[in-house]
Amino acid sequence: MASPMTALLILLWTMNLVQPNAPQAAAVEVFPPVSFTLTVSALAQVLLHWKPNPNQEQKNYTVRYDVKILSPVPEEYDTKKTHSVQTAALHNGFSARVRTLLLHNDLQMTSDWVKGELPPLPGAPETSARNLSCVTQITISRTVSLHCTWLPGQGAPEDTEYFLFYRYETYTEECQDYTKDEWNRKTECRFSVTHIDPEGVDNLIVIHINGSSKYAAIKPFQQLFNQNAIEKVNVPRNVTVFLEQNDLLATWEKPVSSFRKECFEYEFSLVNLKSGNKQVLKIFSNDFRLRVDVTSRYSVQIRANHHICLTRGFWSDWSEVIYVGQNKVDYPVLWILTVRCVS
């Protein structure tokens, strides 16, 4: 029978064999980052920056950082860098926090959080522009236009004058082409040409509207738009419709766009002008065949939207109406009716 001392030595040896490289978590203190700052680096853009804690032991450990955006839109991620750039609407402020994350094999240890805040943009309540809506469209020359509308804030004085800016990636531009309402206040802006990339996929467009008044400080307003989600798709091109025996055939080309034809879906409107019956069919190709009543005349229109490749935008306008076929009289029935009338 083993002595108590021998049993103790065997137990210690077994524990060392099972966990020969396990770090002593209790012996390692995790310190939070230092010098955490939030800096507005562009319209609706914040630079988060911090430094490693000089007291942090890094030997045999991987150092990363947990970042948590608290407002305006919650988000959480980790990074090995000591800085991060976030795009967010800042008119109601911005807040975030960061902490140190130590990793070693399967062991993970974290420090306390360090928090930073940006205050809301200054201005009187309810003076901001509201109900902002924007639409982009790809032009024939493959540039992108931008059109925005808004309403004055309910608390904005009558002399309020608004100014709109858009930012796309690193480029910022102020609107020069405004439309005013009946009280001579700017409520609409057009950019016939912008720096928006027509081939951009899910990029963000930042809209910033500030203002001035003799009677109140006008609070700025910011909103982010997904590029594809506000694109008004162009009308399909070269629509051709004809009858072939008992079938109606239609072909067309994709709208003016930098994206391939597989990225679009279509709605096909077919109206039987003899019966008044109307159908709207969903099509995912650039041609269409349908069995129809060849004794009827039809009107045809088609419109397009994004599909699969892109976020769905605004449907295009309907194409011009195309008429096909002719209403034909059923002569045998007419003859029978005539004979009966004579009799």
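Mentor: This is a predicted model. Start with a hairpin: strand 19 and strand 20 form one, with five residues between them. In the turn, Gly-276 has a positive phi of about 85 degrees.

Trainee: What makes strand 19 and strand 20 a pair?

Mentor: Pairing needs at least two bridges. Strand 19 and strand 20 (residues 278-283) have six, in the antiparallel sense, so they pair. Val-271 stands opposite Lys-278 there.

Trainee: How many residues of strand 19 are buried?

Mentor: Nine of the nine residues in strand 19 (residues 264-272) are buried. Phe-264, Tyr-266, Phe-268, Leu-270 and Asn-272 point one way, while Glu-265, Glu-267, Ser-269 and Val-271 point the other way. In a regular strand, side chains alternate between the two faces of the sheet.

Trainee: Why does Gln-222 count as buried?

Mentor: Buried means under 20% relative accessible area. Gln-222 has 5% relative accessibility, so it counts as buried. Gln-222 lies in strand 16 (residues 221-226), and its contacts include Leu-43, Ala-88 and Ile-207.

Trainee: What is the distance from the side chain of Gln-222 to the backbone nitrogen of Leu-90?

Mentor: A polar atom of the Gln-222 side chain lies 2.8 Å from that nitrogen. The cut-off for a polar contact is 3.5 Å, and 2.8 Å is within 3.5 Å.

Note on methods
Residues numbered from 1 in each chain as written. Predicted model: local features only at pLDDT ≥ 70, side-chain atom pairs only at ≥ 80, totals over all residues. Heavy atoms only, no water. Helix = DSSP H or I, 4+ residues; strand = E, 2+ residues; numbered from the N terminus. Buried < 20%, exposed > 50% of the residue type's maximum accessible area, 1.4 Å probe, protein only. Polar contact = N/O pair within 3.5 Å; in protein donor to acceptor, adjacent residues only side chain to side chain. Contact = heavy atoms within 4.5 Å. Lists of a residue's contacts leave out its neighbours within four places in sequence.
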